[in-house]
Amino acid sequence: MNKPLVGACFAALLIGATAAPATAVGNAPAKPSVKAVTLAGTVALSNCSGSVVRVPNSKPTDPALVLSNGHCLESGFPAPGEVIVNKASSRSFTLLSSSGGRLGTIKASKIAYGTMTDTDMSIYQTTSTYKDIESRYGIKALELNAARPEQGRKITVASGYWKKLYKCSVDGFAYRLKEGNWTWKDSVRYTPDCKTIGGTSGSPVIDDETGKVVAVNNTGNESGEECTDNNPCEVDENGKVTVREGINYAQQTYWIVPCVGAGNKIDLSRAGCQLPKPSGMR
């Protein structure tokens with residue numbers, strides 16, 4: 001995992017599309033626009049990164065949600081098969097500006113959802129609404145894309161902990177990603193440019209074209225070991241194991257969207273919700 005950090009460790013050019021020459025015959029296909037991805041909407045946790053997120057149907061008066069990793073929870077790593085729902089929390093998050101400046105602090109009211117089974121994510125409900133955050137700090141939440149990310153798309157991993165942007169592309173997907181005792185499904189694999197490190201855990205992975213969150217950064221193979229802690233391996237449908245030293249990964253977030261109901265409540269019983277459920281709620 002891009003492991004959480006204990007305590008304080010250390011204190012793009014965007015190329016626009018050019019217009020087709022006036023003498024060209026017919027219309028040249030339009031190049032996709034590129035969003036100016038910044039650190040706006042990201043947060044710094046005590047040991048990880050995160051972001052204020054919304055789903056397409058979230059309302060301004062809904063309590064804001066903060067997305068990070070399951071392995072970033074203040075209670076420690078959830079055990080394989082463990083799913084946490086609606087657990088009280090008073091955790092604080094430092095809200096950042098587009099340039100990484102500290103704007104203020106927002107607080108959790110509960111861990112709405114957390115697990116390291118099949119995926120690696122935590123979703124906190126906060127005591128602030130989206131309207132509160134926007135009116136006080138001028139920050140809008142990042143929207144979760146409801147669609148699965150696409151191979152080849154340019155992405156930005158935005159770390160609130162390090163106040164740094166990592167830019168690369170979606171290289172592909174790991175059918176299963178195994179690290180120590182944990183296994184994750186359909187993980188996003190980055191191209192080598194995204195050299196994420198400890199503290200980047202929980203960073204939103206943002207599609208540069210849409211500006212929407214498509215994944216949450218969580219791990220990377222640090223030293224070439226096979227399927228050990230901090231050295232995840234890929235396992236395909238036939239059980240073949242592949243180790244990619246120096247390559248980093250994220251967990252897809254489109255899974256979350258069908259699981260959020262009215263009032264921004266995580267409802268694992270909603271139609272289309274495929275997030276892992278606590279035992280007894282299968």
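I began with a definition: a residue is buried under 20% relative accessible area, exposed over 50% and partly exposed in between, with a 1.4 Å probe and protein chains only. I noted that this is a predicted model, in which local features need pLDDT of at least 70, side-chain atom pairs count only at pLDDT 80 or more, and totals for chains, interfaces and linings use all residues. Residues are numbered from 1 along each chain as its sequence is written, and side-chain values use heavy atoms, with hydrogens and water left out.

**Entry on Thr200**

Is Thr200 buried or exposed? I found that Thr200 counts as buried, because its relative accessibility is 0%. I then looked up its neighbours, taking contact as heavy atoms within 4.5 Å, and saw that, not counting residues up to four places away in sequence, Thr200 touches Asn2, Ser49, Ser159, Trp162, Tyr166 and Asn217. The side chain of Thr200 also reaches the backbone oxygen of Ile197, at 2.6 Å.

**Entry on the largest cavity**

I wrote down that a cavity is a set of points on a 1 Å grid over the protein atoms alone where a 1.4 Å probe fits but cannot get out, and that lining residues have an atom within 4 Å of a point. Which residues line the largest cavity? I listed Val53, Arg54, Val55, Leu65, Ile123, Leu144, Ile256, Val260 and Ile266. The volume, meaning the space filled by probe spheres set on the points, which are joined across faces, edges and corners, is about 30 Å³ for the largest cavity.

Conventions: 1 Å grid on protein atoms, 1.4 Å probe; cavity = no way out; pocket = protein on both sides within 12 Å on 5 of 7 lines; lining within 4 Å. Polar contact = N/O pair within 3.5 Å; in protein donor to acceptor, adjacent residues only side chain to side chain.
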